[in-house]
Amino acid sequence: MDTNTISSNNAYVLDTLSDVLKQRRHAAPEDSYVASLHHKGLNKILEKVGEEATETLLAAKDAEHGGEAERQALISETADLWFHSLVMLSHLDMDHQGILDELARRFGISGHDEKAGRTQ
């Protein structure tokens, strides 16, 4: 499947990535970046999520008044953040579907009401 077909079907991208992450979780660490993260454990994965979050924030600041290159950098950093967040979920035997379900549940609910309704 070519990149244009993949990018036109976002659910396919998430489903396929989830499958790849599951497969690579138990691969040899020297053969797969994802496997190497899983091998190093949750703390290393969380470190990468934090690192990517920081890089995304910095890219967003640059994109606010920047040009196309800065906007593309923000897209790239956000993709890295999402990817590492999906690795984190995979490590915890979860995937993107729970997140999508939660976002769907929030449609039609005021953000203030949704936040107020969360259990502490």
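The model is predicted, so local features need pLDDT of at least 70, side-chain atom pairs count only at pLDDT 80 or more, and totals for chains, interfaces and linings use all residues. Residues are numbered from 1 along each chain as its sequence is written, and side-chain values use heavy atoms, with hydrogens and water left out.

**Exercise 1. The chain as a whole**

Task: State how many helices and strands the chain has, and give its overall spans.

Solution: 
- Step 1. Count the elements. The chain has seven helices and zero strands. Helices (H or I, at least four residues) and strands (E, at least two) are DSSP runs, numbered from the N terminus.
- Step 2. Read along the sequence. The pattern is α-α-α-α-α-α-α.
- Step 3. Take the spans. Along its principal axes, the C-alpha trace covers about 45 × 40 × 35 Å.
- Step 4. Take the surface. The accessible area is about 8500 Å², and 55% of it belongs to carbon and sulfur atoms. Such areas come from the Shrake-Rupley method with a 1.4 Å probe; for residues, only the protein chains shown count as cover.
- Step 5. Take the buried share. Of the 120 residues, 22% are buried. Buried means under 20% relative accessible area, exposed over 50%, partly exposed in between (1.4 Å probe, protein chains only).
- Step 6. Check the contact range. Contact means heavy atoms within 4.5 Å. Among contacts between residues at least 6 apart in sequence, 53% join residues at least 24 apart.

**Exercise 2. Buried or exposed?**

Task: Classify Glu77, Ser18, His96, Lys40 and Asp93 as buried or exposed, and place each one.

Solution: 
- Step 1. Glu77 sits in helix H5. Glu77 counts as buried because its relative accessibility is 19%. Beyond four places in sequence, Glu77 touches Glu52, Glu55, Thr56 and Ala59.
- Step 2. Ser18 belongs to helix H2. Its relative accessibility is 9%, so Ser18 is buried. Leaving aside neighbours within four places, Ser18 contacts Asp95 and His96.
- Step 3. His96 is in helix H6. At 6% relative accessibility, His96 is buried. Not counting residues up to four places away, His96 touches Leu14, Asp15, Ser18, Leu86 and Leu89.
- Step 4. Lys40 is in helix H3. Its relative accessible area is 54%, so Lys40 is exposed.
- Step 5. Asp93 lies in the loop between H5 and H6. At 66%, Asp93 is exposed. Asp93 is not a glycine, yet has a positive phi of about 60 degrees.

**Exercise 3. The largest pocket**

Task: Give the volume of the largest pocket and the make-up of its lining.

Solution: 
- Step 1. On a 1 Å grid over the protein atoms alone, a cavity is a set of points where a 1.4 Å probe fits but cannot get out, and a pocket is an open set with protein on both sides within 12 Å along at least five of seven lines; lining residues have an atom within 4 Å of a point.
- Step 2. Take the volume. It is about 470 Å³. Grid points are joined across faces, edges and corners, and a volume is the space filled by probe spheres set on the points.
- Step 3. Find the centre. Of the 15 lining residues, Leu14, Thr78, Trp82, Phe83 and Leu86 are the closest to it.
- Step 4. Assign helices. Helix H2 (10-25), helix H5 (68-91) and helix H6 (96-106) each supply at least two lining residues. H5 gives the largest share, eight residues.
- Step 5. Sort by class. The lining has twelve nonpolar, three polar and no charged residues. Ala, Val, Leu, Ile, Met, Phe, Trp, Tyr, Cys and Pro count as nonpolar, Asp, Glu, Lys and Arg as charged, and the others, Gly among them, as polar.
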